[in-house]
Amino acid sequence: QVQLVESGGGLVQAGGSLRLSCAASGRTFSNYAMGWFRQAPGKEREFVAAISWGSGGSTYVANSVKGRFTISRDNAKNTVYLQMDSLKPEDTANYYCAADYAPGTGVVLTQSQYEYWGPGTQVTVSS
């Protein structure tokens with residue numbers, strides 16, 4: 001069992017930056033591939049970014065955030081981060097982190113493959 005808790009959300013003006021954190025507890029964090037997803041009001045939850053297990057040598061971000069968002073992990077702190085720069089109003093959503101037990105594999109892009117989810121943190125970008 002893995003418990004995930006996101007933090008770092010808030011209200012920011014367009015063009016600003018936020019860094020989301022997701023703290024994990026329970027099992028060996030480095031064995032888990034991690035991902036970030038978001039859900040805006042009235043929309044389905046969508047993929048944002050993913051990072052592979054271990055040292056996180058592989059990452060992938062959605063086209064909608066490419067060049068603006070960066071995912072990283074610190075296994076010593078059992079934490080995965082989402083650095084969000086040049087934020088836009090359309091980035092407004094509840095952001096969730098997720099974990100998938102996946103040692104030896106790459107990034108995980110499919111929501112249904114993730115086993116554990118955090119409660120989410122709200123990001124609001126004003127125009």
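A disulfide here is a pair of cysteine sulfur atoms within 2.5 Å. Keep in mind that this is a predicted model.

Q: How many disulfides does the count come to by this rule?
A: The cut-off is 2.5 Å between cysteine sulfur atoms. Cysteine 22 and cysteine 97 have their sulfur atoms 1.9 Å apart, so they form a disulfide under that cut-off. The count comes to one disulfide.

Q: Which hand does the disulfide of cysteine 22 and cysteine 97 have?
A: Look at the torsion about the S-S bond of cysteine 22 and cysteine 97, which is about 45 degrees. That torsion is why this disulfide is right-handed.

Q: How many residues apart in sequence are the parts that cysteine 22 and cysteine 97 tie together?
A: Both ends are tucked away: cysteine 22 is buried at 0% relative accessibility, and cysteine 97 is buried with a relative accessible area of 0%. Cysteine 22 belongs to strand S3 (residues 18–25), while cysteine 97 belongs to strand S9 (residues 93–101). The pair therefore ties together parts whose separation in sequence is 75 residues.

Q: Which strands stand at the edges of the open sheet, each with a single partner strand?
A: Four strands make up this open sheet, with antiparallel pairing and the order S1-S3-S8-S7. One side of each edge strand is left without a neighbour in the sheet, because each has a single partner strand. From one strand to the next, the twist averages 15 degrees. The edge strands are S1 (3–7) and S7.

Q: What is the bridge partner of leucine 4 in S3?
A: S1 and S3 pair in the antiparallel sense, over five bridges. Leucine 4 has its bridge partner in S3, and that partner is alanine 24.

Q: Is arginine 38 buried or exposed?
A: Arginine 38 makes a salt bridge with glutamate 46, with the closest N and O atoms 2.6 Å apart. Glutamate 46 counts as partly exposed, at 36% relative accessibility. Arginine 38 has a relative accessibility of 6%, and the cut-off for buried is under 20%. So arginine 38 counts as buried.

Q: How many residues apart in sequence are the parts tied together by aspartate 91 and arginine 38?
A: These two side chains meet in a salt bridge at 2.9 Å, N to O. Aspartate 91 sits in the loop between strand S8 (79–84) and S9, and arginine 38 sits in strand S4 (residues 32–39). The pair therefore ties together parts with a sequence separation of 53 residues.

Q: Which residues are linked in a network of salt bridges?
A: A search of the whole structure finds three salt bridges. One of them joins the side chains of arginine 68 and aspartate 91 at 2.7 Å, N to O. Arginine 68 counts as buried at 9% relative accessibility, and aspartate 91 is buried too, with a relative accessible area of 1%. The network links Arg38, Glu46, Arg68 and Asp91.

Q: How far away is the nearest side chain of opposite charge from arginine 73, which is buried yet has no salt bridge?
A: Arginine 73 is in strand S7 (residues 69–74). Its side chain reaches the backbone oxygen of tyrosine 32 at 2.8 Å, and a polar contact of 2.9 Å joins the side chains of arginine 73 and asparagine 75. A salt bridge needs a nitrogen-to-oxygen distance within 4 Å. For arginine 73, the nearest side chain of opposite charge is that of aspartate 74, at 8.3 Å.

Methods. Residues numbered from 1 in each chain as written. Predicted model: local features only at pLDDT ≥ 70, side-chain atom pairs only at ≥ 80, totals over all residues. Heavy atoms only, no water. Helix = DSSP H or I, 4+ residues; strand = E, 2+ residues; numbered from the N terminus. Buried < 20%, exposed > 50% of the residue type's maximum accessible area, 1.4 Å probe, protein only. Lys, Arg positive; Asp, Glu negative; His and termini not counted. Polar contact = N/O pair within 3.5 Å; in protein donor to acceptor, adjacent residues only side chain to side chain. Pairing = 2+ DSSP bridges. Axes fitted to C-alpha atoms, helices over the stretch in contact; angles between N-to-C directions.
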